[in-house]
Amino acid sequence: MNDVIPENSTSAVRPRPVVGVSLKLYFGLARTRAWLAEVAALRDALAALPRPVDLFVLPAFPALADARELLAGTGIGYGAQDVHWAESGAWTGEVSAGMLAETGARYVEVGHAERRRHFGETDETVAAKTRAATHAGLVPVICAGELRADDLAGAAEETLTQVRAALSGAVPGSEVVIAYEPVWAIGAREPAPASHVRAVADAIRGALRDHDVRGRLIYGGTAGPGTYTELGGAVDGLFLGRLAHDTEGLRKVVEEIAAG
Ligand SMILES: O=C[C@H](O)COP(=O)(O)O
């Protein structure tokens, strides 16, 4: 993967675009399997793209073995929606980064707004999880975004605080994905306005330059076909939720990004 992200983030060379999908807890196991099979069938469409796009999916933990089986040989990555910061020990119910890596996972989401809101995730725990993920050779998908829609300056500051805290945990030189997700745009009717995303994305890129990581920046929050074009190159890809349940929509998004 080292060739997909320039070492020097000020380089004019664009990183390889990347599209992620989190299934959250929308599907049961049988439906997840059926959906993974449809995603695997996008393999030929991915191979025919005018430029390569990385695609990864994040099903619930019990479906990781299915992802391994169904996505084998497709080039489509997979991973988990959360991870614990400890390598092992008396942590009932938790899953370590090392164990995820053993499943063949390459990505792991940390700090999603729903985990911050419902499960008490803090900047400190997100940094610890980022450290654990990068230490295990996983790519953390670091989610960050402001709670309220009405204050652009505040949005950038709130998001940057989260991003900087998470990056402080990253192993130097490691690969990360930052998913900028304004909380008010998650599960909404439409994505955040492009001008808003561009302004915050610029600030995040500044933070990425200040850290010794190889980072890509994606946007999430009701993202779907048309969102990437609307954002006009402000991000390196998208993080999809509901609008990827229809894999035809996912195919359209990937093709749109490859053409952009
Ligand atoms: O994990 C994905 C994001 O939270 C976006 O979800 P959504 O596209 O359903 O709003």
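**Exercise 1. How many bridges pair strand 7 (residues 213-220) with strand 8 (residues 237-240), and in which sense, parallel or antiparallel?**

Before we start, a note on ground rules: this is a predicted model, where local features need pLDDT of at least 70, side-chain atom pairs count only at pLDDT 80 or more, and totals for chains, interfaces and linings use all residues. Residues are numbered from 1 along each chain as its sequence is written.

*Solution.* 
- Strands here are DSSP runs of E with at least two residues, and helices are runs of H or I with at least four, numbered from the N terminus.
- Two strands pair if DSSP finds at least two bridges between them.
- Strands 7 and 8 are joined by three bridges, in the parallel sense. Across that pairing, Gly-220 stands opposite Phe-239.
- Strand 1 (residues 18-22) also pairs with strand 8, again parallel, over four bridges; here Phe-239 is the bridge partner of Gly-20.
- Now check the faces: Gly-237 and Phe-239 lie on one side, Leu-238 and Leu-240 on the other, and all are buried (buried means 20 or more other C-beta atoms within 10 Å of the residue's own, with C-beta atoms placed from the backbone).

**Exercise 2. Trace the chain from strand 2 to strand 4.**

*Solution.* 
- Strand 2 (residues 54-58) pairs with strand 3 in the parallel sense over two bridges, and Val-57 has Tyr-78 as its bridge partner.
- Between these strands the chain runs through helix 3 (residues 64-70), and this β-α-β crossover is right-handed (with the strands pointing away from the viewer, the path from the first strand over the helix to the second runs clockwise).
- Strand 3 and strand 4 (residues 107-110) are parallel too, over two bridges, with Tyr-107 as the bridge partner of Gly-79.
- This time helix 4 (residues 97-102) carries the chain across, in another right-handed β-α-β crossover.

**Exercise 3. Is Ala-166 buried or exposed, and which residues does it touch?**

*Solution.* 
- Find Ala-166 in helix 7 (residues 152-167).
- Ala-166 counts as buried because it has 27 C-beta neighbours inside 10 Å.
- Leaving out residues up to four places away in sequence, Ala-166 touches Val-110, Gly-111, Val-126, Ala-127, Thr-130, Ile-142 and Ala-144 (contact means C-beta atoms, placed from the backbone, within 7 Å).

Technical notes:
Buried ≥ 20, exposed ≤ 12 C-beta atoms within 10 Å, placed from the backbone. Contact = placed C-beta atoms within 7 Å.
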